[in-house]
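The exercises below are meant to be worked with the sequence and the coordinates side by side. Each task is followed by a solution that goes step by step.

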Amino acid sequence: QVQLVESGGGSVQAGGSLRVSCTASVDLYGNRCVGWFRQAPGQEREGVATIYLLDSSAWYADSVKGRFTISQDYVKKSLYLQMNSLKPEDTGMYYCASSGFSSRCGTAFEPAYWGQGTQVTVSS
């Protein structure tokens, strides 16, 4: 069983930056896709970014392209999402997630494991 724990959420003003982290119970390397989702109150959970661990190829939702960067640290077994130029629309609970053994990332990403989430609030 893969366990994921997020941290680093908080409150920032529009235009600011924040980095959220996710620590995994397994090595972040191999035939696996990991990524971030977010959910605002009353709205559906949406995919934000994914990264395929074998080649570090990344995918981003159109709404965050150019502002967010996903990365992994193999040694620390951690996944990160650097968020710059934050907007109030970015407010929500951010969850990290992992597939099983799969190369399906981007819009085909099918998480099998989830973290508990970390809250990100962007004020105007």
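For the first exercise, a disulfide is taken to be a pair of cysteine sulfur atoms within 2.5 Å. The model is a predicted one, and its residues are numbered from 1 along the chain.

**Exercise 1. Which cysteines are joined by disulfides, and what pattern do the disulfides follow?**

Solution. 

Step 1. The structure holds two disulfides.

Step 2. With 55° about the S-S bond, the link of Cys-22 and Cys-96 is right-handed.

Step 3. Cys-22 has a relative accessible area of 2% and Cys-96 one of 0%. Because buried means under 20% relative accessible area, Cys-22 counts as buried, and Cys-96 does too.

Step 4. When the bonded cysteines are counted along the chain, the disulfides follow the pattern 1-3, 2-4.

**Exercise 2. Describe the largest cavity by its volume, its lining and the classes of its lining residues.**

Solution. 

Step 1. A search of the whole structure finds one cavity of 30 Å³ or more, and the volume of the largest cavity is about 30 Å³.

Step 2. Its lining is formed by Leu-4, Cys-22, Ala-24, Leu-28, Val-34, Leu-79, Cys-96 and Ala-97. The elements that give two or more residues to this lining are strand S3 (18–24) and strand S9 (92–98).

Step 3. Sorted by class, the lining has eight nonpolar residues, no polar and no charged ones.

**Exercise 3. How many bridges join S3 to S8, and how many residues of each strand are buried?**

Solution. 

Step 1. Strands S3 and S8 run antiparallel and are joined by six bridges. Within this pairing Val-20 stands opposite Leu-81 in S8, while Ser-21 stands opposite Tyr-80 in S8.

Step 2. Of the seven residues of S3, five are buried, so S3 is largely enclosed by the rest of the structure. For strand S8 (residues 78–83) the count is five of six residues buried, so S8 too is largely enclosed by the rest of the structure.

Step 3. Each of these strands has a further partner to consider. S1 pairs with S3 in the antiparallel sense over four bridges, and here the bridge partner of Val-5 in S3 is Thr-23. Strand S7 (residues 68–73) is joined to S8 by six bridges, also in antiparallel fashion, with Met-83 in S8 as the bridge partner of Phe-68.

**Exercise 4. Where do Lys-77, Ser-56 and Ser-85 lie, and what phi does each take?**

Solution. 

Step 1. The hairpin of S7 and S8 has four residues between the strands, and in this hairpin Lys-77 takes a positive phi near 55°.

Step 2. Ser-56, although not a glycine, has a positive phi of about 65°. Ser-56 lies in the loop between strand S5 (46–52) and strand S6 (57–60), and its relative accessible area of 34% makes it partly exposed.

Step 3. Ser-85 is likewise not a glycine and has a positive phi of about 50°. Its place is the loop between S8 and S9, where it counts as partly exposed at 41% relative accessibility.

**Exercise 5. Where is Gly-8 found, and which residues does it touch beyond four places away in sequence?**

Solution. 

Step 1. Gly-8 is found in the loop between strand S1 (4–7) and strand S2 (10–13), and is partly exposed, with a relative accessible area of 35%.

Step 2. Leaving out residues up to four places away in sequence, Gly-8 touches Leu-18, Arg-19, Val-20 and Thr-118.

Step 3. Gly-8 and Leu-81 are 73 residues apart in sequence and 9.8 Å apart in space, C-alpha to C-alpha. Leu-81 is the residue of S8 that stands opposite Val-20, and Val-20 is one of the residues that Gly-8 touches.

How values were computed
This is a predicted model: local features need pLDDT of at least 70, side-chain atom pairs count only at pLDDT 80 or more; totals for chains, interfaces and linings use all residues. Side-chain values use heavy atoms; hydrogens and water are left out. On a 1 Å grid over the protein atoms alone, a cavity is a set of points where a 1.4 Å probe fits but cannot get out, and a pocket is an open set with protein on both sides within 12 Å along at least five of seven lines; lining residues have an atom within 4 Å of a point. Grid points are joined across faces, edges and corners, and a volume is the space filled by probe spheres set on the points. Ala, Val, Leu, Ile, Met, Phe, Trp, Tyr, Cys and Pro count as nonpolar, Asp, Glu, Lys and Arg as charged, and the others, Gly among them, as polar. Buried means under 20% relative accessible area, exposed over 50%, partly exposed in between (1.4 Å probe, protein chains only). Contact means heavy atoms within 4.5 Å. Two strands pair if DSSP finds at least two bridges between them.
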